[in-house]
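Me: I would like to go through the terms used for this model and see what each one rests on. Please set each value against its cut-off.

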Amino acid sequence: MAVDLSKKQGDLYKDAKSFNFGLPALDVSVAFPQATPASIFPPCTSDYYQFDDLLTTEEKSTRLKVRECMEREVAPIMTEYWEKAEFPFHIVPKLAALRIAGGTIKGYGCPGLSIAGSAIATAEVARVDASCSTFILVHSSLAMLTIALCGSEEQKQKYLPSLAQLDTLACWALTEPDYGSDASALKTMATKVAGGWVLEGQKRWIGNSTFADVLIIFARNAITNQINGYIVKKNAPGLSATKIENKIGLRMVQNGDILLKKVFVPDEDRLPGVNSFQDTNKVLAVSRVMVAWQPIGISMGVYDMCHRYLKERKQFGAPLAAFQINQQKLVQMLGNVQAMLLIGWRLCKMYENGKMTPGHASLGKVRAWITSKARETVALGRELLGGNGILADFLVAKAFCDLEPIYTYEGTYDINSLVTGRDITGIASFKPAASRQISRL
């Protein structure tokens, strides 16, 4: 293109843009016809050791219906919404129809799934999209379960039925800007007043918070200095929630900052079963089992994608699956998935039998072992896809990013390692040793 030097720089840019830019991107199936994008999700090929045989008929049915829904309804739109960092609210009725919200809770319109059935559902959602699985986990395994385990009978009857149908949505607010791993030191305060409580403080990283109808808020009782739980309704005077921007992972999840400025909570919305921080462990024991199945599901999806891609994509006159080094990586990924599945399943059975300790949950959970193997699996998938391994269209890049926040939330890898370490040694090592004023030397 000839350039008129008499034109201003802005005019030159406009000319160049009209000539070279502004065209919509080619559809990925046109730009790269040799491999199928994740919008047409690959069949499941990761159950090499026939884990399905360990499931009951009901659990198999749950797995199948969730898989079909996610592949049909979510896979075609997930890349678009992930890029926009927006949640696809139009799929909520589809997720509600699966009858998995409420998980293991019995009664009150909840499905009453087995712990394994709920875990399988979590994995199948995460296999296609990790953001959707986080949305359900926060709503179901944290917020709903807190009401079910720590709420009064009146609170259960009032809130759980609509939450189970996803007619109302919930979040769970424990983490604060200054207190993440050290959550028991939180400083949001609850002050007793006539007829209720006044909450004052701030929460951060709270999933679903920008649109939740019901917010489970943990605050420190100003009288007892213990942690209590409260049910706060959206639009309560003094309550605000704003979206955290610029995340590189779980971009569809609407994590928020919550500000509580003299928010009044009536007495009937104080959770009677939360009287200390230890009471949150009743909820976290279950949620950590569920969270362990997120990286399992993500790894299954990445393996399935790579398995198909390597057979479709050709270089040097042969499919990538024909090269020894690629087969070795694929087998390593498959082995990781089998190990993760079996540890996750065993964790479910130990919980059902009352044998699971916090150490078991932390080792089996995302941080201390499963997520480390999932990270390895997804990184291998990233290598196998070459340039397409950085495109969300082929799932692996999106999964690579989505796994990073899962590696951190509900306790970092290191904190969960220390929980297991305490379990096996009997010695807690969360805090640094007190500094010595006088050197031993």
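Me: Where is the place of Ile40?

Reply: Ile40 is in the loop between helix H2 (28-31) and helix H3 (57-74). Helices here are DSSP runs of H or I with at least four residues, strands are runs of E with at least two, and both are numbered from the N terminus. This is a predicted model, in which local features need pLDDT of at least 70 and side-chain atom pairs count only at pLDDT 80 or more, while totals for chains, interfaces and linings use all residues. Residues are numbered from 1 along each chain as its sequence is written, and side-chain values use heavy atoms, with hydrogens and water left out.

Me: What makes Ile40 buried or exposed?

Reply: Its relative accessible area is 54%. Buried means under 20%, exposed over 50%, and partly exposed in between, with a 1.4 Å probe and protein chains only. Ile40 is therefore exposed.

Me: Why is Asn225 called partly exposed?

Reply: Asn225 has 48% relative accessibility, so it falls in the in-between class. This residue is found in the loop between strand E6 (214-221) and strand E7 (227-233). Its phi is positive, about 65°, although Asn225 is not a glycine.

Me: What is the class of Leu250, buried or exposed?

Reply: Leu250 has 3% relative accessibility and therefore counts as buried. It lies in the loop between strand E8 (239-243) and strand E9 (255-266). Leu250 too is not a glycine, and its phi is positive at about 45°.

Me: Why is H9 called roughly antiparallel to H10?

Reply: Helix H9 (residues 281-312) and helix H10 (residues 324-352) pack at an angle of about 155°, with their axes 9 Å apart. The axes are lines fitted to C-alpha atoms, for helices over the stretch in contact, and angles run from 0 to 180 degrees between N-to-C directions. Angles under 35 degrees count as roughly parallel, over 145 as roughly antiparallel, 65 to 115 as roughly perpendicular and the rest as oblique. The pair is therefore roughly antiparallel.

Me: Which classes of residue make up the contact of H9 with H10?

Reply: The contact has 21 nonpolar, four polar and no charged residues. Nonpolar covers Ala, Val, Leu, Ile, Met, Phe, Trp, Tyr, Cys and Pro; charged covers Asp, Glu, Lys and Arg; the others, Gly among them, are polar.

Me: What makes H7 roughly antiparallel to H9?

Reply: Helix H7 (residues 130-150) and H9 pack at an angle of about 165°, with axes 9 Å apart. That angle makes H7 roughly antiparallel to H9.

Me: How many disulfides does the structure hold?

Reply: It holds zero disulfides. In general, a disulfide is a covalent bond between the sulfur atoms of two cysteines. The criterion is a pair of cysteine sulfur atoms within 2.5 Å. For Cys171, the closest cysteine sulfur is in Cys150, 16 Å away, and therefore too far for a bond. Cys306 is in no disulfide either, as the nearest cysteine sulfur, that of Cys44, is 14 Å away. Cys171 has 0% relative accessibility and so counts as buried. Cys306, also at 0%, counts as buried.

Me: What span is expected for H13?

Reply: The expected span is 18 Å at 1.5 Å a residue, where the 1.5 Å is multiplied by one less than the number of residues. Helix H13 (residues 396-408) has 13 residues and reaches 19 Å from its first C-alpha to its last, which is close to that value.
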